[in-house]
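This report is for a reader who is new to the structure. Please look over the sequence and the model before reading on.

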Amino acid sequence: MMYISRQEHFNAAHKLYNPKWSEERNREVFGPCANTNWHGHNYDLIVTVKGEPDPETGFVVDLKALSDLLRTHITEQVDHKNLNLDVPFMAGQMASTENLAIAFWQIIERELPAITPAKLHCVKLYETPRNFVEYYGG
């Protein structure tokens with residue numbers, strides 16, 4: 001089994017805020033991430049797929065095709081956007097890095113068979129250089 005990864009980058013704003021809670025409770029739980037006027041991050045997305053290299057190309061996945069898939073279905077949808085307001089697949093969800101990684105997984109898993117028989121292995125999403133999540137599917 002071979003694992004291959006592609007990294008993409010995007011910038012986005014969000015706010016962590018539970019409308020069922022008071023302002024005080026939101027500030028207590030989410031701190032500055034509950035800022036009324038939002039805040040932003042420079043995200044790095046690393047997507048890893050697994051499979052066997054194709055005997056004719058030597059590729060598990062064509063990385064250009066994977067990059068195109070990620071840009072079309074992920075980064076163009078979220079780059080320089082407000083995750084809470086501008087991104088339909090995040091509607092009604094807390095715009096946490098965890099929920100964003102799950103949403104990305106669902107999109108990539110749906111689109112990946114169009115470019116490769118390889119399977120999605122991991123979505124790693126860096127919110128900051130020190131804060132990131134890894135998701136391996138349901």
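## Overall layout

From the N terminus on, the elements of the protein chain follow the order β-α-β-α-β-α-β-β. That comes to three helices and five strands. The model is a predicted one.

Taken along the principal axes, the C-alpha atoms of the protein chain fill a box of roughly 60 × 25 × 25 Å. The protein chain has 138 residues, and 38% of them count as buried. Among contacts between residues at least 6 apart in sequence, 69% join residues at least 24 apart.

H14 belongs to strand β1, which covers residues 2-14. Its relative accessibility is 0%, so H14 counts as buried, the limit being under 20%.

Leaving aside neighbours within four places in sequence, the contacts of H14 are W38, H39, H41, Y43, N82, L83, N84, A95 and E127. With A95 there is also a polar approach: a polar atom of the H14 side chain lies 2.6 Å from the backbone oxygen of A95.

## The largest pocket

The largest pocket has a volume of about 200 Å³. Its lining consists of K15, Y17, N18, P19, K20, W38, N84, M90, G92, Q93, M94 and A95. Sorted by class, these are six nonpolar, four polar and two charged residues.

Most residues other than glycine have a negative phi. Two residues of this chain can be set against that background. W38, which is not a glycine, has a positive phi near 70°. H80 is not a glycine either, and its phi is positive at about 55°.

Both sit in loops. W38 is in the loop between α1 (23-30) and β2 (39-51), while H80 is in the loop between α2 (63-78) and β3 (81-82). Is H80 buried or exposed? The relative accessible area of H80 is 62%, and because the limit for exposed is over 50%, H80 counts as exposed. W38, with a relative accessible area of 25%, is partly exposed.

## K124 in strand β4

K124 is part of strand β4, which spans residues 119-126. Not counting residues up to four places away in sequence, K124 touches D44, L45, I46, F132, V133 and E134. One of these, E134, is joined to K124 by a polar contact of 3.3 Å between the two side chains.

K124 and T48 are 76 residues apart along the chain. The C-alpha atoms of K124 and T48 are separated by 8.2 Å.

## Cysteines

A disulfide is a covalent bond between the sulfur atoms of two cysteines. How many disulfides does the model contain? With sulfur atoms required to lie within 2.5 Å, the count comes to zero.

C33 has a relative accessible area of 23% and is partly exposed. C122 is at 4% relative accessibility, so C122 counts as buried.

Key: Residues are numbered from 1 along each chain as its sequence is written. This is a predicted model: local features need pLDDT of at least 70, side-chain atom pairs count only at pLDDT 80 or more; totals for chains, interfaces and linings use all residues. Side-chain values use heavy atoms; hydrogens and water are left out. Helices (H or I, at least four residues) and strands (E, at least two) are DSSP runs, numbered from the N terminus. Buried means under 20% relative accessible area, exposed over 50%, partly exposed in between (1.4 Å probe, protein chains only). A polar contact is a pair of N or O atoms within 3.5 Å; within protein, one must be able to donate a hydrogen and the other to accept it, and residues adjacent in sequence count only if both atoms are side-chain atoms. Contact means heavy atoms within 4.5 Å. On a 1 Å grid over the protein atoms alone, a cavity is a set of points where a 1.4 Å probe fits but cannot get out, and a pocket is an open set with protein on both sides within 12 Å along at least five of seven lines; lining residues have an atom within 4 Å of a point. Grid points are joined across faces, edges and corners, and a volume is the space filled by probe spheres set on the points. Ala, Val, Leu, Ile, Met, Phe, Trp, Tyr, Cys and Pro count as nonpolar, Asp, Glu, Lys and Arg as charged, and the others, Gly among them, as polar.
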